[in-house]
Structure formats: C-alpha cells, structure tokens
Amino acid sequence: MATAVPPAASRIAVVTGASSGIGAATARRLAEAGYRVVLTARRKDRIEALAEEITAAGHQATAYPLDVTDREAVDEFATAFRTVGVLVNNAGGALGADPVATGDPDDWRTMYETNVLGTLHLTQALLPKLDASGDGTVVVVSSTAGHSTYEGGAGYVAAKHGAHVLAETLRLEIVGRPVRVIEIAPGMVRTEEFALTRFGGDTERAEKVYRGVPDPLTADDVADTITWAVTRPPHVNIDLLVVRPRAQASNTKVHREL
Ligand SMILES: NC(=O)c1ccc[n+]([C@@H]2O[C@H](COP(=O)([O-])OP(=O)(O)OC[C@H]3O[C@@H](n4cnc5c(N)ncnc54)[C@H](OP(=O)(O)O)[C@@H]3O)[C@@H](O)[C@H]2O)c1
C-alpha cells in the first residue's frame, strides 16, 4: 500500500537522555538510518560533542540541552518543530536499591518524575508534531523492571511500571491516528553510568551488578533493537519488545561465572 510518508532523511528523531548509554547509542543508530537526530539531556557538553561526532560521520544531528522534568522547558523545546517523526523517551534511571521499609522517598519521587513524568511531558508536547508527520513513532524505553519486581527494586520497579502503563494506555487512546507506540523493555545492560548513578557513584557496588555475568547487553544492542522497531513499515507496531542478555532468564535469575 502506498503511503505519503516522507523518507527518513527528511524526518526528525528526538532522543532524550542522549548524553550517555542507550540514548547516545540510539542517536548514533538512528542517524545512520537516515534520521535528523535531535539529542537532548541535561549535560550540554556531552550532547554537543556527540552531535559533532555524528555530523562528522556525514549524518545530521543537533544538540538541545533539556531537563525532561521541566515542563516549561519541554514546551519551549517543542515549539522548535513543525513535525517530528520519532520520539525516543529514554531519559531515566534508578536511584538506590533499598527495601521498601527503608527506601528514600526523595529517590522514589525523582525516579517517578524522570521515568514517568519526563516521558509524559515529552509525549504530550510532541504528540501534535508526531501526528503532523503522518507517520509518528513514540518509543518508551521502560525496562524488565516495568514488568516484574525484585527485592530492593521497588522504587525503580514502580516507576517503570508507570512508564509501561503510559505506553499501553496511550496506544489505546490514539488508535486510528498515524502514531505508533513502541515499548522497549531491556533487561541487564552494561552502560557506563546506569549502575554508578543508582549507587551514588560507588564504583564497587556498581561493578558488582555485572560481576561474572558473561556478556550483559550493551547500549548498542538496545539501540539496534530500538532502531529495528522504529524502521519497520508504518503499519507495523512492535507493541512491546523485551530484550535481555542470554545469561539473564529473569530479573532475579542471572547466570554468573565467578
Ligand atoms: N542499563 C540498564 O541495565 C537498563 C535496563 C533497562 C532499562 N534501562 C533504561 O534505559 C534508559 C537509559 O539507561 P542507560 O543505561 O543508558 O543509563 P545512563 O547511561 O545513566 O543514561 C541515562 C540518561 O538519562 C539522562 N537523564 C537523566 N535524568 C534526566 C533528566 N531529568 N532530564 C534529561 N535527561 C535525563 C542522562 O543525561 P543527563 O544526566 O546528561 O541529563 C543520561 O543521558 C533509562 O530509562 C533506564 O532506566 C536501563
């Protein structure tokens, strides 16, 4: 069936959390796939350096510093576009691994604000632009933590369940409009900052997360998965894709060679 969808080269892909890990890798991959990528994150220097790297490789990229929890800034950001082809809601992460009994409510609040409200802000602000593109895609990078829990994970698990529900509900609500909603739920991904951020810069605790695990996923593995899902034909909606390393059978069943 013929569509009026413009080619990727004329289409914009906004990636949040593009200053490191999965977001940075996704920006590289989408740029290689022909999208004009817009990199956002709070750290201006990092997204500007990545935009330069992508541009030097012959692709199109711009950097726009943005805190996804700042609704006013997000609304201002959205005014820069007439249409947007792809929005990758990737910004987020975990803070702490305390039991419910002793978890820090401030950590829970920050995780909800970043993983859920950040996704809500960007999605609300850009939905009219995604609609206007005639073939929009919203990607929500949730987690396997959005699908089952584990001890010490409740704050993050609750937030990622929120992101999952946002994606699932949005898909119901906008059916019939030209916008797909794709949820990518990665398991264990070894990125340079995720576990470090979770444990407040404690390198020993961060390293322990991956200790003995043969080949956790890399940021590029997840970026590849996201890019594959995004580049399916417009009528194909990959609702939910769970991707884990072979060594991880569930959130609590991980093979380690120690
Ligand atoms: N690594 C894993 O095992 C794993 C597994 C499943 C799902 N995930 C999810 O995948 C996503 C990326 O994770 P990652 O491993 O790539 O982690 P990461 O390297 O720590 O990246 C997190 C990104 O989010 C950005 N960010 C955080 N708070 C933000 C805010 N308020 N406003 C704007 N940007 C913000 C950070 O940029 P700035 O600090 O520059 O703002 C950074 O670019 C997260 O949503 C995470 O929960 C990760």
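Reply: The structure, a predicted model, holds one cavity of 30 Å³ or more. About 70 Å³ of space lies in the largest cavity.

Me: What makes this space a cavity, and which residues lie nearest its centre?

Reply: A cavity is a set of points where a 1.4 Å probe fits but cannot get out, whereas a pocket is an open set. The largest cavity is lined by 14 residues, and L95, G96, D98, W108 and G152 are those nearest its centre. Helices α4 and α5 (154–173) each supply at least two residues of this lining.

Me: How are the residues that line the largest cavity divided by class?

Reply: Six are nonpolar, four are polar and four are charged.

Me: What is known of the second largest pocket, and how much space lies in it?

Reply: About 220 Å³ of space lies in the second largest pocket. Its lining is made of 15 residues, with R177, P178, V179, R180 and P234 nearest the centre. Strand β6 (residues 179–186) gives the most to this lining, namely three residues. By class, the lining has seven nonpolar, four polar and four charged residues.

Me: Why is R177 called partly exposed?

Reply: Partly exposed covers the range between the buried limit, under 20%, and the exposed limit, over 50%. R177 has a relative accessibility of 39%, and therefore counts as partly exposed. R177 is placed in the loop between α5 and β6. Leaving aside residues up to four places away in sequence, R177 touches L127 and D131. The C-alpha atoms of R177 and S20, 157 residues apart in sequence, are 32 Å apart in space.

Me: What makes A91 buried?

Reply: The limit for buried is under 20% relative accessible area. At 16%, A91 falls under that limit, and so it counts as buried. A91 is located in the loop between β4 (86–89) and α4 (105–132).

Me: How do you know that A91 meets residues from other parts of the sequence, and which ones does A91 touch?

Reply: Contact means heavy atoms within 4.5 Å. With residues up to four places away in sequence not counted, A91 touches T16, G17, V68, T114 and N115. For A91 and T16, the separation is 75 residues in sequence and 5.1 Å in space, C-alpha to C-alpha.

Me: What makes the phi of D215 worth a remark?

Reply: Most residues other than glycine have a negative phi. The phi of D215 is near 55°, which is a positive value in a residue other than glycine.

Me: What is a nonpolar core here, and which residues have the most contacts inside the largest one?

Reply: The largest has 35 residues, and V37, L39, I184 and I226 have the most contacts inside it. A second, separate core of 25 residues includes V14, L122, L127 and A163. In soluble globular proteins, nonpolar side chains tend to be buried together.

Me: How do you know that Y64, F77 and F81 form a cluster?

Reply: Rings pair if their centres lie within 6.5 Å. Ring pairs link Y64, F77 and F81, and so the three residues are called a cluster. The structure holds three aromatic pairs.

Methods
Residues numbered from 1 in each chain as written. Predicted model: local features only at pLDDT ≥ 70, side-chain atom pairs only at ≥ 80, totals over all residues. Heavy atoms only, no water. Core = buried A, V, L, I, M, F, W, Y, C linked by side-chain atoms within 4.5 Å. Buried < 20%, exposed > 50% of the residue type's maximum accessible area, 1.4 Å probe, protein only. Helix = DSSP H or I, 4+ residues; strand = E, 2+ residues; numbered from the N terminus. Phe/Tyr/Trp six-rings, centres within 6.5 Å; stacked < 30°, edge-to-face > 60°. 1 Å grid on protein atoms, 1.4 Å probe; cavity = no way out; pocket = protein on both sides within 12 Å on 5 of 7 lines; lining within 4 Å. Points joined across faces, edges and corners; volume = space filled by probe spheres on them. Nonpolar A, V, L, I, M, F, W, Y, C, P; charged D, E, K, R; others polar.
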